[in-house]
Amino acid sequence: MTPRSWLYVPGHREDRIGKAIGTTADAVVIDLEDAVPVGAKARALENALDALRTAPPDRAIWLRLNAIGSDWLEQEIAALGSAVCAPAGVRLPKADSPEEVAATADRLGCPVHAIVESAAGLLAAPQIARCHPRVTGIALGEADLAADMRTEPEGLTWARGWIVTAARAAGLSSPVQSVWTAVDDSAGLAETSRAGRAQGFFGRSVIHPNQIDIVNAAYTPSAAEQDRAQRIVDNATASLAAGESAVLDENGRFIDPAVVANARVVLDRARATAARGVKA
């Protein structure tokens, strides 16, 4: 099941890791990179390994590793290679080069999400998305990307469309939307999450437990959306069973196959949400 909410927690804060695992976030991402001071990197890695060993087996725990080329990443790869329990996946920051991402993915035994945070990475996004079978996702790190591009986050609309295109063209899942840093602005989080879903993202990184339910709601098909999707699929099924080549809705309007396919995606996501025990 594709997570809707990805809760980040600093790896050196052992007290927060346990609390994060106990939240309603669909996935927990233990951050070993930017949120961790240099002097706490070793402790963060040990805390992450402890969490992987002790968390419930059905709890999706991801790790955000350190950047390619860093000594910390080398230590993390070595530790994961001998770990008793593997993470659900890792998020690999500073993904600039498809060759470097592929070489790193080749040394890991779990899914990899490449995080694009520079103009070079953005330009190479289509190649990064196809560079290795373990690369199952690609996304933007918008704060770093905006700084490198010398723009503001609101100027990255085209980059969001580009990353969605790169992911889907490579057959990857829809990208995870970047964080909303204004923790007290719930309305802004809800609005931009709904916009992200409309742009082709699915799920969002969050940095505070108060953001989880808002993101989960934005990325859960509403009852009205589910009802409409079900009617489209039912009409298509009935038309095909009757030997008709054209699919019409209840108002007699033509529905092309792409609309039917998208309706099935809505229903699949709704079923996945129901399987988590969450009311849509």
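Q: Where does Glu-191 lie, and is it buried or exposed?

A: Glu-191 lies in helix H9, residues 186–199. For accessibility, buried means under 20% relative accessible area, exposed over 50%, and partly exposed in between, with a 1.4 Å probe and protein chains only. Glu-191 has a relative accessible area of 54%, so it counts as exposed. Its C-alpha atom is separated by 28 Å from that of Leu-123, 68 residues apart along the chain.

Q: Before we go on, what kind of model is this?

A: This is a predicted model, where local features need pLDDT of at least 70 and side-chain atom pairs count only at pLDDT 80 or more, while totals for chains, interfaces and linings use all residues. Residues are numbered from 1 along each chain as its sequence is written, and side-chain values use heavy atoms, with hydrogens and water left out.

Q: How many salt bridges are there?

A: The rule asks for a side-chain nitrogen of Lys or Arg within 4 Å of a carboxyl oxygen of Asp or Glu. By that rule the count is 14 salt bridges. Take Arg-64 and Glu-33, whose side chains meet in one at 3.4 Å, N to O. Arg-64 sits in strand E3 (residues 61–64) and Glu-33 in the loop between strand E2 (27–31) and helix H2 (41–54), so this pair ties together parts that are 31 residues apart in sequence. Both ends are buried: Arg-64 has a relative accessible area of 14%, and Glu-33 has 5%.

Q: What about the salt bridge of Glu-74 with Arg-107?

A: Their closest N and O atoms are 2.9 Å apart. The pair links distant parts of the chain, 33 residues apart: Glu-74 is in helix H3 (residues 71–81), and Arg-107 is in the loop between helix H4 (98–105) and strand E5 (112–116). Glu-74 is partly exposed at 37% relative accessibility, and Arg-107 is partly exposed at 45%.

Q: Which residue forms a salt bridge with Arg-197?

A: That's Glu-225, with the closest N and O atoms 3.2 Å apart. Here the link runs between helices, with Glu-225 in H11 (residues 223–241) and Arg-197 in H9, 28 residues apart. Glu-225 is partly exposed at 33% relative accessibility, as is Arg-197 with a relative accessible area of 22%. Elsewhere, salt bridges that share partners join Asp-31, Glu-33, Asp-34, Arg-64, Lys-94 and Glu-117 into one network.

Q: Now the strands: in which sense do E5 and E6 pair?

A: Two strands pair if DSSP finds at least two bridges between them. E5 and E6 pair in the parallel sense, over five bridges. Ala-114 stands opposite Ile-138 in E6. As for strand E6 (residues 135–140), five of its six residues are buried, so the strand is largely enclosed by the rest of the structure.

Q: Which residues gather in the patch of negative charge?

A: A charge patch takes residues with over 30% relative accessible area and no salt bridge, joining like charges within 9 Å. Asp and Glu count as negative, and the place of a charge is CG of Asp or CD of Glu. The members are Asp-96, Glu-99, Glu-100, Asp-144 and Asp-148, on the surface. H4 and helix H7 (142–149) each supply at least two residues of the patch. Glu-99 has its place in helix H4 and is exposed, with a relative accessible area of 59%.

Definitions and conventions: Helices (H or I, at least four residues) and strands (E, at least two) are DSSP runs, numbered from the N terminus. Patches are made of residues with over 30% relative accessible area and no salt bridge: like charges are joined within 9 Å, nonpolar side chains (Val, Leu, Ile, Met, Phe, Trp, Tyr) within 5 Å. Accessible areas come from the Shrake-Rupley method with a 1.4 Å probe; for residues, only the protein chains shown count as cover.
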